[in-house]
Amino acid sequence: MTPKGEQGPVLRADAARNRARVLRVARERLAAGDDSLQLNAIARLAGVGVGTVYRHFPNRHALWEALSTERFQDLVDEAQAAAADEDALAGLHRLLRFALLHALSDAGFAAVLESASDTDAQTAALKAELDGAVAQLLVRARRDGVIRRDVEADDVRRLLCGVEHAVRSGDSDPARTEIYLDVLLEGLRPPR
């Protein structure tokens, strides 16, 4: 596993410039409303060969992972803050809202969050950090008797992705988002 903050093997200067150029073009395409991230088109717009793009990003998901690194780190930071919150249930609620709003605002990040496998070691490390912080939060919440005993960190991530999908399937009404989030939180509570 790649330690926090490391990008993997050190790239030659020209390879690092090409990678940065590809990421810049991909971000520009996303900002322009094009979330297709067609690797051949990005190569052309970045002025690099298609092989160069595929060397850095073997598939579209790998590109999404690279584009989502900062957002994923923000989520890990929020999970760690939630785990340190004196009120475990309030921390969990805040974390779920934060994660859901970020997933709703960025479909690529949502795809990386819900993916069962990762292309990049850094993404896998961030997911492990996230799961660790959520697990710590869940231990405290179980101890306080505010959540079910049979729910694990991975379950919370999957359930949250389900809520994100439900919101996207509808009209994305912010009131529905809050209702679905409340239903999730109620479902996490222990049986009476």
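**Entry 1. Contacts and overall layout**

Among contacts in the chain between residues at least 6 apart in sequence, what percentage joins residues at least 24 apart? I looked this up first, and the value is 71%. I note here that the model is a predicted one.

I then recorded the secondary structure: the chain holds 9 helices and 0 strands. Read along the sequence, the pattern is α-α-α-α-α-α-α-α-α. Taken along the principal axes, the box filled by the C-alpha atoms is roughly 60 × 40 × 20 Å. Of the 192 residues in the chain, 41% are buried.

**Entry 2. The largest nonpolar core**

I next looked up the largest nonpolar core, and it contains 53 residues. Leu 63, Phe 72, Leu 96, Leu 130 and Val 134 are the residues with the most contacts inside it. At least two core residues come from each of the helices H1 (13-31), H2 (39-46), H4 (60-84), H5 (88-105), H6 (107-114), H7 (121-143), H8 (153-169) and H9 (174-188). Helix H4 gives the most to this core, with 11 residues.

Leaving aside residues up to four places away in sequence, Leu 63 touches Leu 23, Ala 26, Leu 37, Leu 39, Ile 42 and Phe 57.

**Entry 3. Leu 37**

Leu 37, one of the residues that Leu 63 touches, called for a separate check. I found Leu 37 in the loop between H1 and H2. The phi angle of Leu 37 is positive, about 45°, although this residue is not a glycine. Is Leu 37 buried or exposed? Leu 37 has a relative accessible area of 2%, so it counts as buried.

**Entry 4. Aromatic pairing**

How many aromatic pairs does a search of the whole structure find? The search returns 1 aromatic pair. The partners are Phe 72 and Phe 109, in an edge-to-face arrangement with 5.6 Å centre to centre and 70° between the planes. The pair links distant parts of the chain, with Phe 72 in helix H4 and Phe 109 in helix H6, 37 residues apart.

I also checked the accessibility of both rings' residues. Phe 72 is buried at a relative accessible area of 1%, and Phe 109 is buried at 0%. Phe 72 is also among the residues with the most contacts inside the largest nonpolar core.

Asp 74 is found in helix H4. Its relative accessible area is 38%, and Asp 74 is therefore classed as partly exposed. The C-alpha atoms of Asp 74 and Phe 98 are separated by 9.6 Å, while the two residues are 24 apart along the chain.

Asn 18 lies in helix H1. Why does Asn 18 count as buried? Its relative accessibility is 18%, and the cut-off for buried is under 20%. Not counting residues up to four places away in sequence, Asn 18 touches Val 48 and Thr 52.

**Entry 5. The largest cavity**

I searched the whole structure for cavities of 30 Å³ or more and found 2. The largest cavity holds about 110 Å³ of space. Its lining consists of Leu 75, Leu 95, Leu 96, Ala 99, Leu 113, Leu 130, Asp 131, Val 134, Ala 153, Val 156, Arg 157 and Leu 160. H5, H7 and H8 are the elements that give two or more residues to this lining. H8 gives the most, with 4 residues.

By class, I recorded 10 nonpolar, no polar and 2 charged residues in the lining of the largest cavity. Leu 96, Leu 130 and Val 134 belong to this lining, and they are also among the residues with the most contacts inside the largest nonpolar core.

**Entry 6. The second largest cavity**

What is the volume of the second largest cavity? I noted a value of about 30 Å³. Ala 103, Ala 110, Leu 113, Leu 160, Cys 161 and Glu 164 line the second largest cavity. H6 and H8 each supply at least two residues of this lining, and H8 gives the most, with 3 residues. The lining has 5 nonpolar, no polar and 1 charged residues by class.

How values were computed: Residues numbered from 1 in each chain as written. Predicted model: local features only at pLDDT ≥ 70, side-chain atom pairs only at ≥ 80, totals over all residues. Heavy atoms only, no water. Core = buried A, V, L, I, M, F, W, Y, C linked by side-chain atoms within 4.5 Å. Buried < 20%, exposed > 50% of the residue type's maximum accessible area, 1.4 Å probe, protein only. Contact = heavy atoms within 4.5 Å. Phe/Tyr/Trp six-rings, centres within 6.5 Å; stacked < 30°, edge-to-face > 60°. 1 Å grid on protein atoms, 1.4 Å probe; cavity = no way out; pocket = protein on both sides within 12 Å on 5 of 7 lines; lining within 4 Å. Points joined across faces, edges and corners; volume = space filled by probe spheres on them. Nonpolar A, V, L, I, M, F, W, Y, C, P; charged D, E, K, R; others polar.
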